[in-house]
Amino acid sequence: MEDGRAKSIKAAEESEARDGGGFDLLNEDLVHNILSRLPAASFAQAACVNLSWNQICDRILSRPKFASALSLNPSLEAAVGETVDRALSTPIRPQFAIACVSLRFSLPRAHKLLRKRLGNRTPIITSGARGIIGRDAISGEFKEVQWEDDETEGGGDQQGICLFVGFIPGVKVDAIPSLRSPKTYTHAVYDKFVLDIREFSTITSGNPSPAAIMIFGDQESNMRTIVEKIDYAMPPGTVIVGNTHSFFLYGSSNCSSDVGHRRDCSCQCVALVFVRDRHKPQAGIGETHFHVTVSDGLRSVGNIYKAVSVRTPGVAKSSTWLTAKRDGSSEVLDGLRMVQDVDDELGNNNVCRDLFTGIIKRRKYSIGMENPLPMTTLTFHGVSGFNEEYLFLDGLGIKTGDSFQFYTSDSSVAISSCSTVCEELRRLKQNWTCQHCSPIEANADIAKTEVCGGFIFSCCGRGEWLFEKPNVDSSPLLDVFPDIPVAGLFCDGEIGRGCSSSIASGVQGTPRCPLHVYSSVYLVLSYTPTASQHQLSANNIITSRGKWPSVV
């Protein structure tokens, strides 16, 4: 039907031209409104009709556009079809895409279907997920859906997909992988990953620092070190979010790869990199901004300790054994004594299930041949066990003298933190724009910042399992920006650059905490148009009143 409408307008144009009347006799506002209602495929065809239509299409997509959809259809082909059809139901030029897919679906098959529908030159990350967040493609109902481990027996209720598609004028996006061959030195791989990101940013913007980086890591890689390297290498203005433990496939803009692993090398992680384009394709494009905030879900427990004896029983096991002293005490404590201290405070006989140590690490970092510089971080390590000799922690990189405190998941902390995030977003909204002013009442010479979309990385231990009611994790975005496209996933090891409110008391300074536990990380994208663009938008709304219904 939409294709027919575009063909009818083209036929009318040709007929008018033959008769000498010309397409200019038609109202440009009329064409603008018709084209703005077309689905993405028809819109792309319409943009190729002639120069006039192309210019109108450029004006329609002169601002960022995001679309998202969720499907729980047990058929992979149907789920992909529903989400893509919904995401492409209005004008958009897919510049990048993120697909969060149930691990019960075939990830390679899902990735191939999405690449076919969205185009082989669209950078895309197809990531396995422990759950998905978004609006149902059919009903429009907002849902947070969590799944058990992939080994769990189940049927269709364990399957689904969430798709997020974006177009950002004035910004270039590409997927940059971290590839490692068996003979490559580990830290050289990490350095090359950072340098590749810097190179893409420098070529595109003239600045080695991107606007934002979204990371998806392989669950068998040492993502803690990779994230710390990127956090060290990028200035505070670069937003960094992501998921450290997943299965993923990726496709870049040059069609160089459709897989996460190859025979000659493995892909440790991939970064979707957003860089401001110094050669904007058209004049009058405003600025897109990336904002990140974090809802914590941990509370500190007991004393502050200092590691005394640290052992690593084989790097392949990725675990650390240690003893420690309480801060200010000379008594060396084994794992049993430390856990008993926590147990006494919590009154819980099964504390290890959700028990973590937040370790303050003061280390020197460098990229390539640069001089090393110190950086202090707070990193969380899960407690995997204990005995009368050692405390057993997940992960490596802990040294004698590192101070730490125990943490445990807490629903009341998470709820309170969600409320804090909500208030932060409300303050941003109040600073950005007056939502209740009409274009006539507002000063059209002042460009108003508008919110375009949001993405959520939430810990798989949160959601309804933690809060015992649905949609708590997404509530900050739903409450403050109810009309924007929102998508997300439940994952294991969420990245959100910034300071954690879970930092132990008594720690001097503010350690950097890019990698969180039991948190929800919120990425919000906003856009500030140019003054002339804002004036044009206001005029278009005023002159078209009463002619056409609003387009959703």
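The model is predicted, and local features were taken only at pLDDT of at least 70, side-chain atom pairs only at pLDDT 80 or more, while totals for chains, interfaces and linings use all residues. Residues are numbered from 1 along each chain as its sequence is written, and side-chain values use heavy atoms, with hydrogens and water left out.

The protein contains 13 helices and 23 strands; helices (H or I, at least four residues) and strands (E, at least two) are DSSP runs, numbered from the N terminus. Of the 552 residues, 53% are buried, where buried means under 20% relative accessible area, exposed over 50% and partly exposed in between (1.4 Å probe, protein chains only). Among contacts (heavy atoms within 4.5 Å) between residues at least 6 apart in sequence, 78% join residues at least 24 apart.

Strands of a sheet pair through backbone hydrogen bonds, either parallel or antiparallel. Two strands are counted as paired if DSSP finds at least two bridges between them. An open sheet of five strands has the order β1-β6-β2-β3-β10, and its pairing is mixed. Its edge strands are β1 (65–71) and β10 (248–251), each of which pairs on one side only. On average, neighbouring strands of this sheet are turned by 10° against each other, direction ignored. Angles between elements run from 0 to 180 degrees between N-to-C directions, with axes as lines fitted to C-alpha atoms, for helices over the stretch in contact. Strand β1 and strand β6 (residues 161–167) run antiparallel and are joined by seven bridges; A69 stands opposite L163 in β6. Helix α5 (residues 76–87) packs on the sheet, where it touches β1 and β6, and its direction makes about 155° with that of β1. Helix α6 (residues 107–118) lies across β2 (96–102), β3 (124–129), β6 and β10, and runs at about 150° to β3.

An open sheet of six strands, also with mixed pairing, has the order β5-β4-β21-β20-β23-β12. The edges are formed by β5 (142–146) and β12 (287–295), each with a single partner strand, so one side of each is left without a neighbour in the sheet. From one strand to the next, the twist averages 15°. Five bridges link strand β4 (residues 131–135) to β5 in the antiparallel sense, and E144 in β5 is the bridge partner of I133. I132 also lies in strand β4. At 0% relative accessibility, I132 counts as buried. I132 is 33 residues from A99 in sequence, and their C-alpha atoms are 9.7 Å apart. Helix α10 (residues 411–432) lies across β12, β20 (450–459) and β23 (520–528), running at about 160° to β12.

Strand β13 (residues 298–311) has antiparallel pairings with two strands described here. Seven bridges join β13 to strand β19 (residues 403–409), with R299 opposite T408 in β19. Five bridges join β13 to strand β14 (residues 319–326), with V310 opposite L322 in β14.Two packed helices are described by the angle between their axes and the distance between the axes. The axes of helix α2 (residues 28–35) and helix α4 (residues 51–60) come within 10 Å and cross at roughly 60°. Helices α2 and α4 are therefore oblique to each other; angles under 35 degrees count as roughly parallel, over 145 as roughly antiparallel, 65 to 115 as roughly perpendicular and the rest as oblique. The crossing of α2 and α4 is right-handed. A crossing is right-handed if the near helix is turned clockwise from the far one by less than a right angle, and left-handed if anticlockwise. On the α2 side the contact involves E28, V31, H32 and L35, which meet W53, I56, C57, R59 and I60 in α4. By class, this contact of α2 with α4 has six nonpolar, one polar and two charged residues. Ala, Val, Leu, Ile, Met, Phe, Trp, Tyr, Cys and Pro count as nonpolar, Asp, Glu, Lys and Arg as charged, and the others, Gly among them, as polar.

The axes of helix α7 (residues 186–205) and helix α8 (residues 223–233) come within 10 Å and cross at roughly 40°, which makes α7 oblique to α8. The crossing of α7 with α8 is right-handed. Helix α7 contributes H187, Y190, D191, F193, V194 and R198 to the contact, and α8 contributes T225, I226, K229, I230 and A233. Six nonpolar, two polar and three charged residues make up the contact of α7 with α8. R198 counts as buried, at 18% relative accessibility. Leaving aside residues up to four places away in sequence, R198 touches P208, A233, M234, I367 and E370. R198 and S209 are 11 residues apart in sequence, with a C-alpha to C-alpha separation of 6.1 Å.
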